[in-house]
Amino acid sequence: MIVPLSHLLVFASVLFALGVICVLIWRTNVIMVLIGIEIMLNAAMLVFVAGSYQWGRADGQVFALMIIAMTSAEVSLALAMVVYLHRRKNTVNVDEFRQLRDR
Amino acid sequence: MMSMADIQIALPLLILAIGALITLICGAIGRKQTTGYLIAVIAAVGAGLWSMQTPPALLAPGLGLSASGLTRLFSAYFCFMAAAVLLFSHSYNRYRDIAGEEYPATILFATFGMVALASATNLLLLFLGLEAMTFGFYILAAIDREQDVSSEAGLKYLLMGALSAAFLAFGIGLLYCVRGSLGISEIMQTTLAATVRDPIALAGWGCLLIGMAFKLSLVPAHLWTPDVYEAAPPPVVAFLSGGSKAAAVLLMVVLLVHVAELGTLRVPLFGLALLSMLVGNMAALRQNRVRRMLAYSSIAQMGYGVVALVSIQGHGLQAAAFYAIGYGIMSLAAFGAIGVLEANGCGAELDDYRGRGFTQPVASGALAISLFALAGIPPTVGFTGKFLIFAAAIRTGENALAILGILTAAVSIYYYLRLVAALYLQRGAAEQTESISINDTVLLALSCVLIILLGIFPAQLLDFLKIQLL
């Protein structure tokens with residue numbers, strides 16, 4: 001293997017951390033939260049590909065492919081909901097949706 | 001190649017998937033609402049009955065699906081739960097004008113995810129089953145389009161759920177890097193011993209636990225629960241509480257059954273259980289909205305479930321599996337009854353439930369019995385389940401958790417009985433007669449009978465679980 005596993009894992013961890021930061025910083029904007037989650041899932045895929053290369057097995061790659069399929073389903077669902085909410089309230093700001101809370 | 005044995009073991013999954021597709025097609029052809037529900041109920045009951053029969057092998061040779069007793073017990077439980085929820089939804093959705101065949105089809109798809117999770121032998125299938133189930137619930141939580149809050153609940157649940165899915169996938173990926181295999185037993189045996197100091201394995205378990213804390217709605221990751229419980233239709237909440245949470249507990253049981261002791265997982269699980277019991281019960285005390293109160297109570301109940309998981313050396317896994325099923329039946333009765341009450345014009349506040357015991361005896365009676373069970377008053381399944389959990393905790397030497405659990409359970413009796421008192425001891429303004437369909441009556445009666453039967457005669461189910469979880 002040209003690139004050692006540890007390098008890949010560090011890279012994936014940095015990517016994952018960037019995704020978490022994106023979710024935390026832009027947590028008011030639904031679209032940005034979704035992008036952050038996508039980055040986190042991409043980091044997970046990278047880990048699977050690295051692991052499957054390290055051990056010479058294909059099941060990690062299958063897992064990565066399945067994550068791609070899952071992500072696309074999830075994003076289509078989330079965007080459908082964003083469009084619907086935007087139509088109702090004319091905003092994608094999460095803070096505007098706060099009818100439900102402890103009273 | 002799929003052999004006959006493979007098909008026989010995978011048939012519940014096939015029935016559910018094909019049933020959901022037929023439901024969708026029928027909705028496109030016919031105009032009658034009832035047809036879709038009928039087909040979905042038949043598919044769920046058929047899949048449940050099929051998974052109860054003895055399989056040709058314990059492991060499907062070509063597919064890697066498990067058909068152990070535990071798998072079949074929980075598959076049947078999920079399928080029958082789905083059928084009951086569909087029947088409850090039929091009358092409630094007519095009242096709320098939730099039309100369309102996508103509702104029964106989505107329930108079936110979510111059930112498909114649960115059954116896939118129950119039959120998983122590797123982490124890939126486990127993850128996909130869990131996500132398929134949660135996807136169904138994202139849609140179901142937001143399905144009441146006439147209500148503003150319903151879509152808000154769906155959005156909150158979706159964002160938190162997607163975040164937890166990312167954590168789960170990353171955690172599983174790290175564990176895969178450590179072991180080079182996705183098989184559950186292999187990964188559990190190499191990554192969870194107390195001697196393992198591999199930072200990658202520890203990081204993997206950390207991410208996995210964060211994801212699971214969300215699915216079980218344990219305290220640092222519980223914020224979505226009250227919102228979804230308040231805004232989603234009550235039958236959906238019953239399914240979420242009885243199906244989704246039982247599936248998450250089952251997932252932890254399926255993972256932990258391969259190890260003799262918790263090792264590095266003990267401290268984080270201990271903390272999650274402690275916080276969930278404390279915060280859940282204390283927050284429920286302050287609630288005046290019934291559904292929010294039950295949501296916080298469900299957070300606390302999952303805390304008790306985690307106590308059972310921590311007590312793995314004292315046969316805690318049996319207690320956890322037993323409690324998952326028991327809690328599912330209790331919440332089915334509770335939210336089924338709340339659905340009937342709301343369809344009869346009952347509001348969300350505690351005050352709206354005043355005197356309902358006299359005007360709507362059937363639903364209020366079922367609600368009262370399930371509240372007694374949730375409070376842990378004998379002779380109900382709630383008492384037996386809590387007794388088993390705390391006994392297991394003391395056998396393991398987790399005395400602190402056991403004592404705290406018993407104390408918070410005693411505190412929780414107050415807010416459960418406050419609702420019972422509102423139902424029966426105060427006179428309400430509403431003077432109307434109860435309109436309740438026959439299937440709702442039968443289902444409420446059936447779940448109440450089960451609550452009491454499992455409370456008095458738990459031995460058969462427990463012996464079965466004991467054999468499965470040795």
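This is a predicted model: local features need pLDDT of at least 70, side-chain atom pairs count only at pLDDT 80 or more; totals for chains, interfaces and linings use all residues.
Local features need pLDDT of at least 70 and side-chain atom pairs count only at pLDDT 80 or more, while totals for chains, interfaces and linings use all residues. Residues are numbered from 1 along each chain as its sequence is written, with chains lettered from A in the order in which they are written.

**View 1. Chain B holds 19 helices and 0 strands.** Helices (H or I, at least four residues) and strands (E, at least two) are DSSP runs, numbered from the N terminus. The radius of gyration, taken over C-alpha atoms, is 21 Å for chain B, close to the 23 Å that the globule rule gives for 470 residues, so chain B is as compact as a globular protein of that length. That rule is 2.2 Å times the number of residues to the power 0.38. The C-alpha trace spans about 65 × 55 × 40 Å along its principal axes. Of the 470 residues, 62% count as buried (20 or more other C-beta atoms within 10 Å of the residue's own, with C-beta atoms placed from the backbone).

**View 2. Helix H12 (residues 290-310) of chain B packs against helix H13 (residues 316-343) of chain B, their axes coming within 8 Å.** The axes cross at roughly 170°. That makes H12(B) roughly antiparallel to H13(B) (angles over 145 degrees, taken between N-to-C directions on a 0 to 180 scale, with axes fitted to C-alpha atoms over the stretch in contact). Residues in contact (C-beta atoms within 7 Å) include Leu294(B) and Tyr304(B) in H12(B), and Tyr323(B) and Ile338(B) in H13(B). H12(B) is mostly covered: 21 of its 21 residues are buried.

**View 3. His315(B) sits in the loop between H12 and H13 of chain B.** Its phi is near 60°, a positive value in a residue other than glycine. His315(B) counts as buried because it has 20 C-beta neighbours inside 10 Å.

**View 4. Ser217(B) lies in the loop between helix H8 (199-216) and H9 of chain B.** Phi of Ser217(B) is near 50°, a positive value in a residue other than glycine. With 29 C-beta neighbours inside 10 Å, Ser217(B) counts as buried.

**View 5. The peptide bond from Pro378(B) to Pro379(B) is cis.** Omega is near 5°. Pro379(B) is found in the loop between helix H15 (361-375) and helix H16 (381-396) of chain B.

Terms used. Angles under 35 degrees count as roughly parallel, over 145 as roughly antiparallel, 65 to 115 as roughly perpendicular and the rest as oblique. Two residues are in contact if their C-beta atoms, placed from the backbone, lie within 7 Å. A residue is buried if 20 or more other C-beta atoms lie within 10 Å of its own, exposed if 12 or fewer, and partly exposed in between; C-beta atoms are placed from the backbone.
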